[in-house]
Amino acid sequence: MARRRIRAVLGRRAAVLLSLLALAVTTLVAQPAGAQPAGQSDVARSRPPIHARSAYVALGDSYASGEGLPPFAPGTGGAGGCHRSLDQSYPAVLADSGRRSFARLTSVACSGAVTSDLVATRPGTTRPPQLDALDSRTRTITLTIGGNDAGFALVFGDCVYSPDPGLQAALPGGGPGCAARDDALVSKRIAALSGGPGAPSVTGIVPLPVLLDQIDAVAPRATIYLTGYPSLFGKKTTDAAGCRVNSAAPLYVAASDAAWIRSKTAHLDKTIRSTAAAARAQGVDVRYVDVARTFRGHNLCDRRTSWVNGVVLASVDPLQLSPATLHPTARGQRAYARSVLRTADHRHPCHRKVTPRP
């Protein structure tokens, strides 16, 4: 009965559903970090006090803030908020782990953050750079950044399609084939993040090596755990249309496009890993956290239960999409925390930051 009702509502309001979908994949995956609810101070809601002995600071985007997992920290909820989950984001899970290295958490992670938001105030806002939360007393930093810079919001907006012609007509994308349409742009943006020889310069993207250097300069005694991202899609298909990303509406990502998203995520992760290795060789105490390995088998259309949400409807009548769309579930956030702890456990107990030889 409930499923028939959903179908009836979807049939009456297909255009509304798909316009909401367009909004979700272009803003919920990458919310504008500068947006704020009317009448609320941006600084007040995004700059928690720093502990007198600031031990652990969490930086990054929606995958670090815990998007879609309320309740949120006071002042960070609402439209355009940073959406910092009080107890289900991976930084909160780490802070609750009993590990001394992750005690006294200060999280400034923000839904929609890009690399430039870490080092500068976004034009038109008063939200301080995330690096302002660091100082010489900071001992542990987690950082998840790069997905929004790579253009993954654009990817999802273009890759989700429907075999139903009526629904597809209202979608923002061009149907199956987003891999061919978007590969050049995403590859360029990932190259810009690498900051390597001949890397392009893209407005708003701070190369990861530059970002790590700036973090190290502000918090020279900190160990930085730089995370990658899950693969997002497994290799299974729901049916001939590809990977179904919503159980109520026929919304899909074609199998070939899902494979391309996997490859681009792997490319981004490789870039993040290489950046961490190069910075470490220069004396920065940074460790790459392999999240994709922990998520293996638990992506969308994978062998086991997904730890990544598909397109989630918060309600059917009125039709509303949940901010959890295309974000890690609570189990996914715990998987992130396990990945960080596994990396921390492999850190040599006698490690000291060294100055590289000239």
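1. L208, P209 and L212 of helix 10 touch I272, T275, A276 and A279 of helix 11, contact being heavy atoms within 4.5 Å. By class, six residues of this contact are nonpolar, one is polar and none is charged. Nonpolar covers Ala, Val, Leu, Ile, Met, Phe, Trp, Tyr, Cys and Pro; charged covers Asp, Glu, Lys and Arg; the others, Gly among them, are polar.

2. The model is predicted: local features need pLDDT of at least 70, side-chain atom pairs count only at pLDDT 80 or more, and totals for chains, interfaces and linings use all residues. Residues are numbered from 1 along each chain as its sequence is written, and side-chain values use heavy atoms, with hydrogens and water left out.

3. Helix 10 (residues 208–218) packs on helix 11 (residues 255–281) at about 45°, the axes being 10 Å apart. This makes helix 10 oblique to helix 11. Angles under 35 degrees count as roughly parallel, over 145 as roughly antiparallel, 65 to 115 as roughly perpendicular and the rest as oblique. The crossing of helix 10 and helix 11 is right-handed, meaning that the near helix is turned clockwise from the far one by less than a right angle. Axes are lines fitted to C-alpha atoms, for helices over the stretch in contact, and angles run from 0 to 180 degrees between N-to-C directions.

4. Helix 7 (residues 152–159) also meets helix 11: their axes come within 12 Å and cross at roughly 175°. The two helices are therefore roughly antiparallel. On the helix 7 side the contact uses F152, V155, F156 and C159, and on the helix 11 side W260, I261, K264, T265 and L268. These residues divide into seven nonpolar, one polar and one charged.

5. Strand 6 is joined to strand 7 (residues 251–253) by three bridges, and R244 stands opposite Y252. Pairing requires at least two DSSP bridges.

6. Strand 5 (residues 223–227) and strand 8 run parallel, joined by four bridges; I224 has V286 as its bridge partner. In strand 8 (residues 286–289), V286 and Y288 point one way, R287 and V289 the other, and all are buried, that is, under 20% relative accessible area.

7. L171 lies in the loop between helix 8 (165–170) and helix 9 (178–194). L171 is buried at 8% relative accessible area.

Terms used: Buried < 20%, exposed > 50% of the residue type's maximum accessible area, 1.4 Å probe, protein only.
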